[in-house]
Amino acid sequence: MAPKSKQPAPAHAPHGYEFGGPFGTAAITFGLPVLCYVFTFACNDNTGCPAPSLLSPKTLSLDQLKTEVGWPEDGIWGLASWRTTGWTIAYYFFSALLYRILPATEVEGTPLSSGARLKYRFNAFNSAIFTLVICLAGTIAQGAEFPVWTFIADNYVQILTANILIAYALATFVYVRSFSVKPGNPQFRELAMGGCTGNLIYDFYMGRELNPRVTLPFIGEIDIKEWMELRPGMLGWLLLNCAFIAKQYRSFGFVSDSIVFITVVQAVYILDGVFMEPAILTTIDIINDGFGFMLSFGDLVWVPFIYSQQTRYLSSHPVTLGWLGVTGVSVILIAGFSIFRLSNLQKNIFRTNPNDPRVAHITYIETKTGSRLMTSGWWGIARHINYLGDWLQSWPYALPTGFAGYAILSAGSNAEGAIKMLDGREVVQGPAKYWGMIFTYFYVVYFAVLLVHRDGRDDEKCAKKYGADWEKYKSIVKYKIVPGIY
């Protein structure tokens, strides 16, 4: 490691507010958990998606709505249970145990402001495969009744609550502990520039400490930010999807091609992410952002529970795509993936070897900092053409749900076009058709907002770094993400 040196005092460095400042981050901190509960209850497996009363607001009754959404009999206390929380914590401990005992690769991170490099232990892919093999063996032995799948389906709300509580607790722990960071400390602990404004709620959300670490009995040292980024939440997303497949089978006696397609596509994305775990060291999350509620909640709650909304929906309303439908969404997926991968590949080749024949034709602006900004090829089309590819890949997550929305009718209703459950209940779209898209297409809209916000952050950073050269670059490459539109 590099010799110790005093780090800058980020608390006194000028840094503008993001996410709407203290008011915006307060709204996100306390509003997003509520949104997760709204999604859970408004789109449910009890009466429909959305709940029937929500379609008739003039006659809306709170008592009737509580019955329709499956609100716990003991009220807010029913949102959690000691048993479910205990098993959720056990899942985290199991993941930490695999982190310690399975083979791993040790890698040094990028240089800190002190010049030091932290060491990271990577085996998220091994841990994920180990866990999935256990679940596969259990499914082969017990089918859709495998206890992991039934536990997730039967205790979904309580598992959501447990993870929300863990996210709050973790963010509080790292926030309080960050005040023990001292300049020149031997552990190379540093504060994040963007999380040391002095405003409590803003710093709590953004994260004060850059790379908080903790040493646990039997486990050893864990880098909290890196570990949370790719382990419990990402794998939890895939486990939730599998649990919803099992639930669909228990409810209807078959598994639809739509839920399989989404699960397979998302599994590839997840496993690719954990396989490429070392690449996380060059992301803005690791290099610039502190670990606060933003990443804690995002990693442990938002990713697994919001990103799995489509399979959750399909577990109660199967949609059959057929070969034509599967082919159609696959074409969109391949197009988005191709744009994303090919543009990033071109950028990486240009950065590492600009004389490579594959990029020798690329025109560019050489900035005063010595960097080269590409003005042709993929990156001459839009300044973040890779974001377009990334966003196109989000559509195949939602499109298999179709014109979403359903109502669950009692057995014997004999509704036209109904899909019958094994217990006799019937699922129809009826007036709920289209309204369910609020839930199943939310990810597409959210991801677009996320990419636009990320583009704005990058534009601000580059404007400071390159100055007039950046303005010249923008005059040549006019579009941000979508050519001809934005």
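Predicted model: local features only at pLDDT ≥ 70, side-chain atom pairs only at ≥ 80, totals over all residues.

Me: What makes aspartate 223 and arginine 213 a salt bridge?

Reply: The N to O distance between their side chains is 2.9 Å. The cut-off is within 4 Å, so the pair qualifies. Aspartate 223 belongs to strand S5 (residues 220-223) and arginine 213 to strand S4 (residues 213-216), so the bridge ties together parts that are ten residues apart in sequence. Aspartate 223 and arginine 213 are both buried.

Me: How do you know that arginine 231 and glutamate 277 make a salt bridge?

Reply: Their side chains meet at 3.8 Å, N to O. That is within 4 Å, so the label holds. This pair links distant parts of the chain, 46 residues apart: arginine 231 sits in the loop between helix H8 (224-230) and helix H9 (232-252), and glutamate 277 in the loop between helix H10 (257-275) and helix H11 (284-287). Arginine 231 and glutamate 277 are both buried.

Me: And aspartate 356 with arginine 358: are these two residues buried or exposed?

Reply: One of each. Their side chains meet in a salt bridge at 3.1 Å, N to O. Aspartate 356 has 12% relative accessibility, and buried means under 20%, so aspartate 356 counts as buried. Arginine 358 has 54%, and exposed means over 50%, so arginine 358 counts as exposed. Elsewhere, salt bridges with shared partners join Glu18, Asp289 and Arg457 into one network.

Me: Why is isoleucine 224 called buried?

Reply: Its relative accessible area is 4%. The limit is under 20%, so isoleucine 224 is buried. Isoleucine 224 is found in helix H8. Leaving out residues up to four places away in sequence, isoleucine 224 touches Leu170, Phe173, Val174, Pro212, Arg213, Val214 and Phe291.

Me: Which residues make the nonpolar surface patch?

Reply: Tyr249, Val255, Val260, Val264 and Val268 make a patch of about 410 Å². H10 gives the most to the patch, with three residues.

Me: What puts the buried residues of H4 on the same side?

Reply: In H4, Ala124, Ser127, Ala128, Thr131, Leu132, Cys135 and Gly138 are buried. They cover an arc of only 120 degrees around the axis, so they lie on the same side of H4. The face turned away from that buried side carries the exposed residues Leu136, Ile140 and Ala141.

Me: What do the buried residues of H4 pack against?

Reply: They pack against helix H3 (82-101), strand S3 (119-122), helix H5 (147-154), H8, H9 and H10. After H4 comes glycine 143, with a positive phi near 65 degrees.

Me: Why does lysine 247 count as buried?

Reply: Lysine 247 has a relative accessible area of 13%, which is under 20%, so the buried label applies. Lysine 247 is placed in helix H9. Not counting residues up to four places away in sequence, lysine 247 touches Asp45, Ala153, Ser315 and Ser316.

Me: Last one: why is proline 50 called buried?

Reply: With a relative accessible area of 8%, proline 50 falls under 20%, so proline 50 is buried. Proline 50 is in the loop between strand S1 (48-49) and helix H2 (62-69). Proline 50 touches Ala42, Leu55, Tyr406, Ala432, Trp435, Gly436 and Phe439, again not counting residues up to four places away in sequence. The C-alpha atoms of proline 50 and tryptophan 379, which are 329 residues apart along the chain, are separated by 42 Å.

Definitions and conventions
Residues numbered from 1 in each chain as written. Heavy atoms only, no water. Helix = DSSP H or I, 4+ residues; strand = E, 2+ residues; numbered from the N terminus. Buried < 20%, exposed > 50% of the residue type's maximum accessible area, 1.4 Å probe, protein only. Contact = heavy atoms within 4.5 Å. Patch = residues over 30% accessible without salt bridge, like charges linked within 9 Å, V, L, I, M, F, W, Y side chains within 5 Å. Areas by Shrake-Rupley, 256 points an atom, 1.4 Å probe, with all protein chains shown as cover. Arc of directions from axis to C-beta.
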